[in-house]
Amino acid sequence: IELIELFIPEGFSPNADGNNDLFEIKGLNGRKVNLTLFNRWGNKVYEQANYENNWGGEVNVNSVQFGNGKLPEGTYYYVLEFQDGKTEPINGFVVLRY
């Protein structure tokens with residue numbers, strides 16, 4: 001059994017300063033995952049199959065958003081589902097700050 005340690009950040013700041021601008025999950029090592037994010041009311045705000053560490057705080061499903069397509073600052077709930085059919089989904093929270 002190959003154990004691969006994942007590091008999922010508890011927060012990030014997509015403010016274009018070059019530091020923590022994307023929600024980057026370390027340790028995926030090519031494994032295919034689906035990422036879904038929800039706001040505090042349980043509304044889906046972002047969903048991507050084959051996630052590639054490229055979420056920068058934008059909305060890609062119908063939801064409340066700022067004029068620039070970005071989500072408001074706050075805490076979001078994520079579900080990370082592995083496409084291999086055997087790894088249990090991982091869920092948790094991530095804080096979005098600009």
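In this predicted model, E24 has a relative accessibility of 38%, so it counts as partly exposed. Its salt-bridge partner is K26, with N and O 3.8 Å apart, and K26 is likewise partly exposed, at 44%. Side chains of opposite charge can pair when their charged atoms come close.

The count of such salt bridges comes to three. Another one joins E47 and K44 at 3.3 Å, N to O; here E47 has a relative accessible area of 40% and K44 one of 34%, so both fall in the partly exposed class. E58 also forms a salt bridge, with K70, and the closest N and O atoms are 3.9 Å apart. Both E58 and K70 lie in the loop between β3 and β4, so this pair ties together parts that are twelve residues apart in sequence.

Now let's turn to the sheet. It is open and mixed, with five strands in the order β1-β5-β4-β2-β3. Because β1 (11–12) and β3 (44–48) stand at the edges with a single partner strand each, one side of each has no neighbour in the sheet. Strands β4 (residues 74–82) and β5 (residues 90–96) run antiparallel and are joined by seven bridges, with G74 opposite L96 in β5.

Beyond its neighbours within four places in sequence, Y51 is in contact with F23, I25, V33, L35 and Y46.

Conventions:
Residues numbered from 1 in each chain as written. Predicted model: local features only at pLDDT ≥ 70, side-chain atom pairs only at ≥ 80, totals over all residues. Heavy atoms only, no water. Pairing = 2+ DSSP bridges. Helix = DSSP H or I, 4+ residues; strand = E, 2+ residues; numbered from the N terminus. Contact = heavy atoms within 4.5 Å. Salt bridge = Lys/Arg side-chain N within 4 Å of Asp/Glu carboxyl O. Buried < 20%, exposed > 50% of the residue type's maximum accessible area, 1.4 Å probe, protein only.
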